[in-house]
Amino acid sequence: MKRKLRMGMVGGGIDAFIGSVHRIAARMDGLVELVCGAFSVNPEISKESGEALFVDPSRVYSTYQEMIEKESQLPEDVRMDFVTIVTPNFVHFDPARLALENGFNVVIEKPMTFTLEEAKQLKDLVEKTGLTLALTHTYSGYPMVKQAKAMVKENKLGKIRKVIVEYPQGWLSRLSEREGNAQAAWRTDPKRSGKSGAMGDIGTHAAHLAEYITGLKIVDICADLNTLVEGRLLDDDGNVLIRFDNGANGVLIASQIAAGEENAIRIRIYGEEGGLEWIQEEPNSLYVNLLDQPKQIYRTGNAYLSNAAKHNTRIPAGHPEGLLEAFGNIYRNFVLTVSAKLNGETPTPEMLDFPTVEDGVRGMAFIDNVVASNASNEKWTKFVV
């Protein structure tokens, strides 16, 4: 039976930033309806959020435990199909675990959990239940990122030799966590964010993007983490040398004290026959440089693009598509996959093109390995999952 999927939400209340982004993305293609939520640890804020979002008051809950318990007792044609978790890192694992154990699919913010061990437990649960988990590594949702991936897979660049990926931000150039900035407060708090700051928050995005486009896996790293704002408890800057499983090498830079920068994600990939470059702040363009040929610029919405790029493009060429649409692509592909499973159908490769629990485990392993490498006296550290 073809129908919309019913979404529940943990976190993302009216006092939060990322919740509205998820709701816009989920609704973008008309495939999802929000039916319930535990929108805040504060029951009053959860109630107010439910009212603002026109959610049935009987399905606005005070805690995620209450939500998952009561939703699981509702008839199958009423209860939620999946839950979106948009809380700080330390409240990722338990609601995801409870959801999976009670038969609900999951969309979750990154990094997936607080520890690598928790990530592995979620992976085991996904495999045991056969349910679907999507991780919002949003930048993999851009059409031209998918075009880049397709070109690498088709060997347009030849064997990959070099990857340079960077994610500079400037929003933590001051001690904002002591100045009333709620986002800064939890992201720089090791009790809520985890063992890494900038590398955990945005370095994981850069690492995922490098592995996603190239299809390669990181096998060795040499990391240098820095805390440059006095009084901060976690790293706000770092550099990582990388080796990949095909022998290629790379450099990953993540910084939240790059004063004046916004979200300047940039990746350059070089093979034996040429290279390509994608810049998140100019997302509709993919720059391709092949040996002995003029520079080429591939643009979204054109017939010459790959099926993956076309599948994830909504509007004609020349109309900008950005972060919300990339978020929407992750939700749409996740929803199409879950719907296909519910209907006893096999999801297509295009449907299955979203970050999964496997990416979540590798993201947590990246954090662990970077922190361990930074603390080690060895030049290179084996990347252990």
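Visitor: What is the relative accessible area of lysine 195?

Guide: Buried means under 20% relative accessible area, exposed over 50%, and partly exposed in between (1.4 Å probe, protein chains only). Lysine 195 counts as partly exposed because its relative accessible area is 48%.

Visitor: What kind of model is this?

Guide: Residues are numbered from 1 along each chain as its sequence is written, and side-chain values use heavy atoms, without hydrogens and water. Local features need pLDDT of at least 70, side-chain atom pairs count only at pLDDT 80 or more, and totals for chains, interfaces and linings use all residues, for this is a predicted model.

Visitor: With which residue does lysine 195 form a salt bridge?

Guide: A salt bridge is a side-chain nitrogen of Lys or Arg within 4 Å of a carboxyl oxygen of Asp or Glu. For lysine 195, the closest N and O atoms of the pair are 3.2 Å apart, and the partner is aspartate 368.

Visitor: Where in the chain does aspartate 368 lie?

Guide: The salt bridge of lysine 195 and aspartate 368 has its closest N and O atoms 3.2 Å apart. This pair links distant parts of the chain, 173 residues apart: lysine 195 is in the loop between helix 8 (190-193) and helix 9 (198-214), and aspartate 368 is in helix 12 (residues 357-375). Helices (H or I, at least four residues) and strands (E, at least two) are DSSP runs, numbered from the N terminus. With a relative accessible area of 22%, aspartate 368 is partly exposed, and its place is helix 12.

Visitor: How many residues apart in sequence are the parts that aspartate 220 and lysine 382 tie together?

Guide: Aspartate 220 and lysine 382 form a salt bridge, with the closest N and O atoms 3.5 Å apart. Aspartate 220 belongs to strand 7 (residues 218-226) and lysine 382 to strand 14 (residues 381-382), so the sequence separation, in residues, is 162.

Visitor: Which residue of strand 1 is paired with aspartate 81?

Guide: Aspartate 81 forms a salt bridge with arginine 6, and the closest N and O atoms are 3.9 Å apart. Aspartate 81 lies in the loop between helix 3 (64-72) and strand 3, so the pair ties together parts that are 75 residues apart in sequence.

Visitor: How many salt bridges does a search of the whole structure find?

Guide: The pairs of aspartate 81 with arginine 6 and of aspartate 220 with lysine 382 have been described. For the whole structure, the search gives a total of 21.

Visitor: What is the relative accessibility of histidine 92?

Guide: Histidine 92 occupies the loop between strand 3 (82-86) and helix 4 (93-101). A polar atom of its side chain lies 2.7 Å from the backbone oxygen of threonine 87. Histidine 92 counts as buried because its relative accessibility is 0%.

Visitor: What is omega for the peptide bond from lysine 110 to proline 111?

Guide: Proline 111 is placed in the loop between strand 4 (105-108) and helix 5 (116-129). The peptide bond from lysine 110 to proline 111 is cis, with omega near -10 degrees.

Methods:
Polar contact = N/O pair within 3.5 Å; in protein donor to acceptor, adjacent residues only side chain to side chain.
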